[in-house]
Amino acid sequence: MLKKILHLSDQGARTIKEASLWLTLFNLATLLPVILLALIADEMITNYFDGGRSSISLWGYWGIALVILAVMFHTYKVAYHKEYLTSGEEDMRLRMVLADKIRKLPLSYLGKRNLSDLTSIIMDDVTTLAHILSQTATELISGFLTGIAAVVILAFYDWRLDISLAACLPIVAGVMALSKLISERTNKKNKQRKLEVSDSLQEYLENIKVLRTAEKMRDYQRQVARKIKRVIPGLILYELLAGLTIAISYNIMRIGLGFVIIVGSTMLIAGKISLVKFLLFLFVAVRVYEPLTSACENLGELISALVSTGRIHDLLAYPEQTGQEGVAPQEFDISFDHVSFGYNDEDVLHDVSFTAKQGEITALVGPSGCGKSTLCKLAARFWDVQRGTVSIGGMDINGIAPETLLKNYSIVFQDVVLFNDTIYNNIKIGKEDATREEIIAAAKLARCDEFIQRLPQGYDTVIGENGKTLSGGERQRLSIARAFLKDAPIILLDESTASIDPENETKIQEAIGKLIQNKTVLIIAHKLRSIVECDKIVVLQEGRLVETGTHDKLMEQPGLYHKLYSLQNESLEWTVTTQSE
Amino acid sequence: MKKQNVLGRLFGYMGKFKITMALSMIMAAFSAVVNLSAFVCVYHVAKEIVQSWGDFSALNQAYLTELGWQAVFRISMAFGTYGMALLFSHITAFNTVARIRISLIEHIGQLPLGYHSINPSGKLRKIIEKNTDNLETLISHHIPDFVQSAVLPIAFLAFMFLYDWRLSVVCLIPILIGFILLASMLKGESEGFVQQVQTAGEDIGNAATEYVRGISVVKTFGQTASSFQRYKAAVKEYADFMTKYSFSMENAFSAYNTIINGIFFFLIPGGIILFNLGKDLERTILTFIFFAVLIPLVVTILTKIMHSSSNLMIAEASLVAIDKILSEKPLPTAVRPGTPNGYSIVLDHVSFAYEAGADKALDDVSLEIKPGTITALVGESGGGKSTIANLIARFWDTQAGTVRIGNVDVRDMDYEEWMKQVSIVFQDTNLFKMSILDNVAFYKPGATREEVLRALHLAQCDDILEKLPNGADTVIGTKGVYLSGGEMQRITLARAILKDAPVVLLDEATAFADAENEHLIQKALDELLRGKTVLMIAHRLSTVIHANQICVLEHGKIVERGTHQELLKASGIYAHMFEEYQNSISWKIGGAAVC
């Protein structure tokens, strides 16, 4: 069970079990001196009252004590080693497994989750898990094992005293279960309130510029402060409930100590047990509950870590996209055939059919939210369509493995991704076996060469995290250089990429112009003037295809396209003024 | 010493909850003593028995039973008071954390807005939430535990005089060794370790971010190798480092746990030797038993502090980040605020750099913006356009030169008063999770419903109100309420129209609004700008050809200025930019323009 919860490998689960056993041995070893102490005390007493006045041999006892000490050291060391070995190995293994899994998820999944969310699973949640492995899990298991083992072993020695010792343990289990029940409800409410604080904090920080320039700053701060304070009573109540029940259960456990004293002394008076036996139980009774207490504490920690392991589980359980590998379409018409699609419960596309022909430029046009970028992404199987089919050259793309499929595409969107590596390697991603000449040629075609030459180390300049040392336009042109190098038959393009850097717009435009020659091109268009010469314009509104045709044909009718085009021309004439009307 | 430091600073943040903290500490100390006394009961049991050696039937059963219950009762007391200690420490922790959070929020609100341009909200939120969480654990659990671990040896010493100082000294030896081991482990941790872990953690974090971000590229280019390699290396390095570090502590940890559990190893020879000395035997036997009983208590507490002490380091790092924010200087307020005479804006030989030693973002810039005119700033990104607007809005203060409004230095104006006279448009289009009405009335809380609706109408928002379920009363962020970027912009424009400030700082949107939105935004801007003094950061040159003054910025200097016509005639940088711009708008995808 633990293996599943903690996402352990077979090896990891085995080592953790071994570590727990070694730790149990350690815990039992810490109980051993009790026997020694009881024997010595017994010998002292016997000696004293027998009036023998003979001295007690130190070396025998001390020798055994030394052995016990050595056993403790050794068992702890072995357990420790195994714990951290597993924690380190599982930490690494799980991070690799997660990374590999993320790679196999649909691209849409990555778009839907934010970046920091996913990295926090790899980082924070795995760290929490590693901590559980290095301490909590083993202490939990060994704590219970030690408690049980001690109780069982002592039963052979004297079952009546043993029962006195362990009588209250079942009650404890009941109280703990009850406390969980009670506290869970308070906890839920607390979580809700904490979330509210988070939200309002985020809102506060995001809007701080607005707030700073409005008079409401004080009010708003007070409001956030109120929310922060409102969390407190619930937290204290939870602490009170949880703390109270835990204190009660730990107490109930220890009532056994009283029982041992009472039962033991009665039996001693009746002459039913020896003094040494009584002392032994007395010494045991003051420490046998510690491992159990620690087990309970660690159980609590494990439970709170379940949130992390749950997130890891959810990610690992997300379905991957599959399909045939190694297939290669020969033609590259992209056909949408009665395609409908929605995210969650919101429909985005309804029954869209059209074909983007090979060697032609097809532009997607419409108001924001009309579904044009979704359509473009469906063409590359970022998602799987829910109804209808998308096909390339007659092959349903749902049957083709994403990585095989994507070999045929170059995608030039606004969200350029660059690696913290040299310019050269960043372009090279387009084609792994490219020669230096090819790479420079691609850079020249994408109008990158000139800014690359200006950099201190030219092509070998390292460009920082996601290319942060470059301007938006330069980054965009690098992505186009990659696309040149890849030379894929299908190009998906967001026209606005050209305007990412208004100062260099014409350069990007030239680069795009060259890139799309003789390809199947699907463009998300914003500036309608730029697409007047496209072979086909697909006009969308609220997820439906409303018009399609060439610019000239569409301008003949008084439809949406006509309206948008006119509006945009008007906008182009607009200038700022302080004296309108 | 470091411990003192963190705790001392924490106490400073507690305010009146120092009292509950003190109560908690007293309770914790009391609990430790009572716990010790419970063990005394067990000792008394042993004493009774030893004294009636040879004839157990003479034992006082009732007394022993009472001792048994006494022991249970005292343990309950110990747990009860420890529980109380925890309750008080939690009350302190929750309230202290709330206090720190609130003072962070208030302080952050006082900082120059430039601070927020540099520090992303996510980072600040993390410090406000996560870092304070770390302090919470420290206050709520570790402080009471530290108190117990400090009190116990003292109580021990007290009992020492009551019973037998010789055995006490013997038993203190392993505790002392334990403390020394612990101190050396902590020293190992604090010396560079935390730093190294942080660096390794950051590496792996960066690699993970790059990997996840790069997945789309990896997938579309059929690449699996390089970015994955980097990630793999970082993961491996981190795991190796952690394992190596853990292994290096293996012996120390094992020794510590052995020694604190190994008190018996010292007690045995001590007891036997004392016994063999043959003096005061009965007392020796009883003390021996007493100590045998007492050991577990010591072990429990020493184990606890082993776990707490590494937390101290985390708390310390958290506190440093918090202190850093709180020590940021708020925007200095004017002692005797001056009242501007009109709203002409003058930059007088202004220089500014975002960081000391960095390139100047503005280098000796002088500029005058006359009331009721439009000044447009154009030029490449990084040229200093936004910096000018930021300095006028006092996101930062200049390092050289002055910014004057109506002949008064902005630094001598009441900041809040000045901000009432300025509308900053397009900086960000965030809306609050409140009704559209309240969002628009944000700068003018007393506005009537009619005024707000009029502003919304002027900002061309009628179509937005129509499509929403509750019109202007619709709460932003509720389920099913979706606004596009262009629509959000129009609502923020309504906000500015209602505010009706005489000065408008306008950053032309670079983000794409669709054709309809763009058109409506332009109409809304016409309403907003009428009769105002306007500074505009322009990207599309066509919008500014009628501006009264166009300034071309390059590397933090104004290199050209004049009207559109004048600048075209000068055939300088602007003329070239304008030509480029015209080329770009006549671009046609797939058209003959391709060479």
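A crossing of two helices is right-handed if the near helix is turned clockwise from the far one by less than a right angle. The exercises below apply to a predicted model, which scores ipTM 0.83 and pTM 0.82.

**Exercise 1.** Determine how helix 4 and helix 6 of chain A are oriented to each other.

Solution.
1. Helix 4 of chain A covers residues 58-104 and helix 6 of chain A covers residues 115-157.
2. Their axes come within 9 Å and cross at roughly 160°.
3. Angles over 145 degrees count as roughly antiparallel.
4. Helix 4 of chain A is therefore roughly antiparallel to helix 6 of chain A.
5. As for handedness, helix 4 of chain A passes helix 6 of chain A in a right-handed crossing.

**Exercise 2.** Describe the residues through which helix 4 of chain A meets helix 6 of chain A.

Solution.
1. From helix 4 of chain A, the residues include A:Tyr84, A:Glu90, A:Leu94, A:Leu98 and A:Ile102.
2. From helix 6 of chain A, they include A:Leu118, A:Ile122, A:Leu129 and A:Gln135.
3. By class, this contact has 13 nonpolar, five polar and four charged residues.

**Exercise 3.** Describe the side of chain B that touches chain A.

Solution.
1. In chain B, 150 residues are in contact with 143 residues of chain A.
2. Helix 3 of chain B (residues 61-110) gives the largest share of that side, 25 residues.
3. The residues of this side of chain B divide into 76 nonpolar, 50 polar and 24 charged.
4. For confidence, the mean pLDDT of chain B is 86, and 96% of its residues reach 70 or more.

Definitions and conventions: Residues are numbered from 1 along each chain as its sequence is written. Chains are lettered from A and ligands numbered from 1 in the order in which they are written. This is a predicted model: local features need pLDDT of at least 70, side-chain atom pairs count only at pLDDT 80 or more; totals for chains, interfaces and linings use all residues. pLDDT is the predictor's confidence in each residue, from 0 to 100. Axes are lines fitted to C-alpha atoms, for helices over the stretch in contact, and angles run from 0 to 180 degrees between N-to-C directions. Helices (H or I, at least four residues) and strands (E, at least two) are DSSP runs, numbered from the N terminus. Angles under 35 degrees count as roughly parallel, over 145 as roughly antiparallel, 65 to 115 as roughly perpendicular and the rest as oblique. Two residues are in contact if their C-beta atoms, placed from the backbone, lie within 7 Å. Ala, Val, Leu, Ile, Met, Phe, Trp, Tyr, Cys and Pro count as nonpolar, Asp, Glu, Lys and Arg as charged, and the others, Gly among them, as polar.
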